[in-house]
Amino acid sequence: MKYLTEYRDAERVKPILEEIHRTVTRPWVLMEICGGQTHNLIRYGFDQLLPDKIELVHGPGCPVCVTPLELIDKALQIASRPDVIFASFGDMLRVPGSSKDLFQIKSEGGDVRVVYSPLDCLKIARENPDKEVVFFGVGFETTAPANAMAILQAHQQGIRNFSMLVSHVRVPPAIEALLTSPENRVQAFLAAGHVCTVMGTWEYEPLAERFKVPIVVTGFEPLDLAWGILRAIRQLEEGRAEVENAYERLVVPEGNIPAQKIINQVFESCDRKWRGVGLIPQSGWRLRPEFADYDAELRFDVGAIEVSESELCQAGLVLQGRLKPNECPAFGKECTPRTPLGAPMVSSEGACAAYYQYGRLAAEGAS
Amino acid sequence: MCLGVPGKITEIYEINGLLMGKIDFGGIIKEACLAYVPEAKVGDYTVVHVGFALNLIDEQEAQETLALLREMGALGEELGEEEAPRGDGE
Ligand code: SF4
């Protein structure tokens with residue numbers, strides 16, 4: 001397949017890996033923000049192919065993982081109402097709430113549906129005028145244009161039995177929070193290629209400058225990942241701290257302007273709690289007051305919610321790159337994809353699931 | 001959610017005033033919203049996320065990067081003989 005095969009060609013990746021080996025002289029800690037990249041890095045064995053001097057730590061870019069527990073519990077309450085059709089991306093169904101998950105609500109008779117696109121919800125709403133259709137609007141900047149368009153279309157088409165439970169998060173404030181933390185070890189970032197496809201690279205310039213940290217926009221295929229890592233390592237070795245774009249075929253500095261316009265029309269920024277991490281100022285998007293009619297949190301009074309998180313789960317540390325998944329005592333024992341204690345074991349972008357799926361079962365020693 | 005695979009636009013049309021298209025992912029055809037790539041033409045490649053085309057793939061940039069990386073490969077082969085990789089890996 002065009003634009004795919006050539007980026008997965010081991011013969012092309014090898015020389016880049018060799019160049020990385022030649023370039024590295026000192027130990028460096030790199031963080032990839034995006035959970036999709038985490039999966040591919042582990043799947044293609046980058047943790048084993050890179051020089052030992054390079055440590056990859058995995059970032060918080062898993063929307064399913066960082067959606068706050070309160071909101072999962074709210075979703076569960078709304079989804080169990082008989083008048084509601086609750087629609088969500090498939091990944092969210094097995095995310096553990098305080099006592100249940102959406103899958104359980106479904107097996108108990110709740111109308112929970114998996115959709116491919118938020119636009120699908122408008123069709124469901126039109127076909128079920130006597131039901132309330134609620135979409136679980138989670139995600140990073142990559143998903144925001146789709147969710148914003150669904151709201152706008154519902155508004156324009158006068159669809160009233162549709163609302164969204166919104167928990168949008170943004171990458172730059174999370175990078176800032178990581179870099180301000182006294183525990184931070186990250187020296188360079190691979191920025192998420194598809195987030196930057198939408199938002200561009202301009203938001204990262206002030207971060208690179210203020211924290212003296214290289215930020216390299218990186219794609220998802222092995223060749224892209226190797227290229228992004230090489231460019232980050234070159235910067236570190238040369239003492240530079242710049243924003244570089246290693247995903248030129250899709251990312252332009254200004255991003256996708258029509259998409260940003262619609263996002264800004266529908267959403268405004270707000271403080272947001274990240275599950276396991278805590279509150280990050282101005283790190284989220286919520287619906288603007290003009291679209292309050294579509295806000296599921298306002299439409300459904302779910303009352304006070306008491307949350308309780310698994311005591312064993314270390315997801316917060318994993319999401320901040322402070323603990324490798326296989327260093328969590330519950331990993332592969334109490335916690336597996338079939339019996340997940342935390343969201344990172346569920347999601348197709350969760351670091352714990354990646355380590356489990358690709359067999360990084362025991363914490364590697366100093367090897 | 002984020003593993004956008006590139007697909008080829010095979011058809012462009014409108015539904016309810018919204019620009020939509022058919023995208024061919026190596027034989028699997030899916031519908032996607034093209035509202036954010038209004039300049040799209042049939043035959044363009046795009047990356048789709050949750051039913052929306054995020055951007056069009058820039059053929060020229062793609063070729064330039066591949067050429068650059070290929071050069072590095074050729075260079076690496078020449079260097080490889082005399083200079084062994086310095087990292088501590090295998
Ligand atoms: S392995 Fe399971 S319990 Fe441990 S941090 Fe990951 S999700 Fe939580």
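Me: Which residue joins its side chain to that of H194(A) in a polar contact?

Reply: This is a predicted model, in which local features need pLDDT of at least 70 and side-chain atom pairs count only at pLDDT 80 or more, while totals for chains, interfaces and linings use all residues. Residues are numbered from 1 along each chain as its sequence is written, chains are lettered from A and ligands numbered from 1 in the order in which they are written, and side-chain values use heavy atoms, with hydrogens and water left out. H194(A) belongs to helix α10, residues 193–199 of chain A (helices are DSSP runs of H or I of at least four residues, strands runs of E of at least two, numbered from the N terminus), and is buried at 1% relative accessible area (buried is under 20%, exposed over 50%, partly exposed in between, with a 1.4 Å probe and protein chains only). Its polar contact (N or O atoms within 3.5 Å, one able to donate a hydrogen and the other to accept it, with sequence-adjacent residues counted only if both atoms are side-chain atoms) spans 2.9 Å, and the partner is Y247(A).

Me: Which strands of chain A stand at the edges of the open sheet?

Reply: The sheet has 5 strands in the order β2-β1-β7-β8-β9, with parallel pairing (strands pair if DSSP finds at least two bridges between them). Each edge strand has a single partner, so one of its sides is left without a neighbour in the sheet; these are β2 (54–61) and β9 (243–245).

Me: In β7(A), what is the bridge partner of M31(A)?

Reply: Strand β1 (residues 28–34) and strand β7 (residues 188–192) of chain A pair in the parallel sense over 3 bridges. Within β7(A), M31(A) has as its bridge partner F189(A).

Me: How far apart are the closest N and O atoms of K123(A) and E127(A)?

Reply: The two residues lie 4 apart in helix α7 (residues 119–127) of chain A and are therefore separated by about one helical turn, and E127(A) is exposed at 52% relative accessible area. They form a salt bridge (a side-chain nitrogen of Lys or Arg within 4 Å of a carboxyl oxygen of Asp or Glu), with the closest N and O atoms apart by 3.7 Å.
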